[in-house]
Amino acid sequence: MRRLLAILLSLAMSFLSANANADPGNNYFKKITGKVFNSDGSPLSGATVNIKGTTTSVTTDATGAFSIDLPDNSPNPTLVISAVGYGTREVSAKNTTHFDIVLDVDIKKLSDVVVVGYGTRQRKDLTGSIASVSAAQIEQRPVSSYEDALAGTVPGIDVAPRSAKPGNISEITIRGIGTISGDREPLFVIDGFPTDANNAAAINPANILSIDVLKDASSTAIYGSRGANGVVIITTKSGKSGLSKVDVSLKTGFAKANKHDFYKTLNGAEYTEWYKEKAQFNGDPIPSWITNWDGTSTNWQDLIYRTAPFRDYNLTVSGGSDKLSYMFSGGFLNQDDILLNAGYDLYSARIKMDYHASKKITIGINLAPSFTVQRLSAPEDDFSALAGAALLLPPIIPAYNKDGTPSDPNSFGILNKAMANPLTIAANYHQSNKNFYLLSNAYVQVDILKGLSFKSSIGADLTDANYRLFQAQGLNGQALYPVTALELSNTRTLNWLNENTLNYKKTFAEDHKLELLAGYTVQKVDFTQTGANANTFSSNLAQTIGFGANQSAYSGATGNTLLSYLARANYSYKDRYLLTATIRRDGSSRFGANKLWGVFPSVAAAWNLSNEDFMSSVRAIDHAKIRASYGISGSNFIGDFTSKSSLVSINHSFGANNVVGYVNGDPGNPNLSWEKSKQLDLGLDLGLCNRVSATFDYFSNTSDGLLLNVNVPTSTGYSGDLENIGSMRKWGLELSANANIIKKKDFGWDIGFNVTHLRQKVLKLGPTGAPLYQFFAVLETRIGGPLEQEHALQQTGILSQADINNPKVAKKAVGDKAGDYKFLDANNDGFIDAFNGNDGVLVGDNNPRWLYGINTSLRYKNFRLTALLQGQQGAKMLDFVYQIMSLHTYNTNMDHFFYDGRYISESNPGNGHTPRAGYNDVGAVSSWEVQKTDYLRIRNINLSYTFPTDLSRKLLVNDLRAYVSVENLYTFKQYRGGNPQAVRNGFDTQIFGDHKTLGLNSVATAPLPRIFTLGINFSF
């Protein structure tokens, strides 16, 4: 019997072996193998290979290889191969067991998954306006932050680097500014956690999977009271099942200031000639420091800038199984500043794990600690910033003493204002900002029924910021301590969040698709601050508070809570007609007792025109979709206890004793409510000939209930009251297009561009409608105009002697001379008033009318050359740096603007707009200081080479790619000075936010550096 069973078992095994590759119709399996490549010939790891009509699928490994068992129970089995950003291919597996498959980049990218609030959608199903940047786009450039990845690549987004200091955060606005006094920053959501720009800037770009920018109410209303300024969603990479991989990215290079962007300062000979002429015009004796000039001509700007090396290393380990997927990463960036003794370090790590505990339960955790160190070597001040001192110090002062030590500029008897040598400042001014961030999140998802799932998450965002300044003895100048001094400050923010959402997906009768979302969230923020300072230390070695005299300390605390209910419904009929409805109800502790809750709804519809039967014969159109949305989103970016009445402490003397008392600080406003933005968006998406994709949007946002301070009678004991009484509108157009011009195996050329047109108008200001002024009325916001228009005297030419003798030509009260500025007499009274008087006029504003970007990619075999250009047009800046240079009573240096073409005499009147040396205009704010900030910047040029697979394998690695790159190669501009997007800090109407003016610039800023990079990426 046993022998018979053995014979039967042997026959059965032989039969199964013989039929392992049976003919169609038999229900046996055969193994299909293959490789997936992109159009460069590089292997595509992570591509999905699916058996059509089944749930069976596998993922390609690091070499692009796959292996899948094919059930041979159909007459024509088909493999479906797809990857994010690439077109999907279907191949018949009827008579073949091995495939080499090439996927082309999908110009339409309709299958791309877009991250929206509390979920994802395929781009083809979107009803709102969402722009995206993928990991593939980020990897093509050696960007150091998410900001660099957005600049010039996404329509409607203005990424303005206000400073060239490494570690400083660019100001990002989406579709212009829609608030007068509130915060302009969009909401940042990192892996589902709402946070701020500081946390976003601390993310290692190598970890970013995608950046999705939500621009209209259909997409932002799900974030309710925080969506008015738009939302930037950053999603980081995760591990993939069946793919174990180690990715390495190594970059090194250097940054260097572009001399083209330096201020064109006077040299020694030009400086002495100008001040000699000044003395002669004024009838004064020529100063001895001119007559005794020894020929010294110091270019201070050459001394403060340096070649700044950097290094950026990143390592990522990812992989997983059917049960567990994981991703571990670590990165280190060390970047010196182009300014002396300054720089930035970033240490980052990330752990992401997803565990499928059962078929219905998934658990995940995400931990992302990072640590940044920013080192600064000068204060941000007009006369003591390194760039400011280098601009203003006279060139006839030597930089060094005879013994090689830095000189003291005040010892030469030239300056009428105390200033310090920038070399001395950089050596003795030590400021550091050390920030620790920990973004953590854990979730559990339960699939309750088919199509119904519940997800609950809890997370915390911890920020610990330490500020330290120690200034050694020996500095003399504005914003510098005259003695040794130490400042310390520590702030800690704990932001925790719990979110609970229920999702339901169902397809009815094949044509009707319904997705429902309902959720409840609660968020709490606690903030504490402590600080201390002291001065007059006995030694520079003792740098703790206890060693200094005049010690003081302070502390503070605040916090807020947010409770929310949200819901969203997506409906699709035959993939032709799409409808989205969203509503969120927020309750915030920041608002008045009568206005604690706000409701933010939106509705959107889209028509996939190309899915209609009558479009089937129109072969040129691959995709056409019309979109429309309307909704309301809000802004709760105000102070935590602004709606409550408050007390402030005040020091007072009581007899011989100092006491601390309290006075009324703020009356509070129980009716204080949200700033609300009513947003309309009309859009069109097109795909043509599988080569061209285009998106067009018209948007109009009207913001109501804007927060403004209203003056109240002094008898109340208060200076003002905050109320919701402002209104403004912003509107514009967006257009983006991408095209595959050439698409061949060994040669390809892609090109794309985006352009945005922005307009803005203030509709309501306070109970009287009176204009708002800031910075001594240099900036003015009035009804009917845009934010912060520049208010100044209008220069009309240069006064001649005939003008001086003509009583019909208006004069200034200070007494004019030939060669002085001639100004418009706006009120025709025969006298020129000051810039903030009756003769002041509006001469421009710094709200750009046009934003644009151009990108192109040229591929030949394994080589790829990419370029990105980015710019703006239509804005003007009142450059206060030139006002400071006009204070020539200090005997400071100046730009060639004041020298070239100047008025010298009646017979040599110059160019008609540059005044004489020593012109009589000290302190006036005039249109000659207004500059256009239009620019076109060659943002990046990158040349890369992807090594052939067989060569990479010989080196025991995969996906080997090397590249060279140049960032900020050249900026075409008329703007005189370093950075046309720099703005002054601390003098605007913003009650909350970063307090940066829009239309006023100073201090003198360093130019954006050229960055040269050599990098290599590989995996194994």
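A residue is called partly exposed when its relative accessible area falls between the limit for buried, under 20%, and the limit for exposed, over 50%. In this predicted model, R375 has a relative accessibility of 25% and therefore counts as partly exposed. The side chain of R375 forms a salt bridge with D336, in which the closest N and O atoms are 3.7 Å apart.

Across the whole structure, 39 salt bridges are found. One of them joins the side chains of K31 and D69, with an N to O distance of 3.1 Å; K31 is located in strand β1 (residues 29–38) and D69 in strand β4 (residues 65–71), 38 residues apart. With relative accessibility of 47%, K31 is partly exposed, and D69, at 40%, is likewise partly exposed.

A further salt bridge, at 3.6 Å from N to O, is formed by D681 and R627. Because D681 lies in strand β32 and R627 in strand β29, the pair ties together parts that are 54 residues apart in sequence. Both D681 and R627 are buried, and they belong to a network of salt bridges that also includes R175, K215, D685, D697 and E734.

The strands that carry this pair are themselves joined, as 14 bridges link β29 to β32 (residues 675–688) in an antiparallel arrangement, within which A624 has L686 as its bridge partner. Strand β29 (residues 621–635) also runs antiparallel to β28 (residues 597–608), to which 7 bridges join it, and here S602 is partnered with G631 of β29.

Note on methods: Residues numbered from 1 in each chain as written. Predicted model: local features only at pLDDT ≥ 70, side-chain atom pairs only at ≥ 80, totals over all residues. Heavy atoms only, no water. Pairing = 2+ DSSP bridges. Helix = DSSP H or I, 4+ residues; strand = E, 2+ residues; numbered from the N terminus. Salt bridge = Lys/Arg side-chain N within 4 Å of Asp/Glu carboxyl O. Buried < 20%, exposed > 50% of the residue type's maximum accessible area, 1.4 Å probe, protein only.
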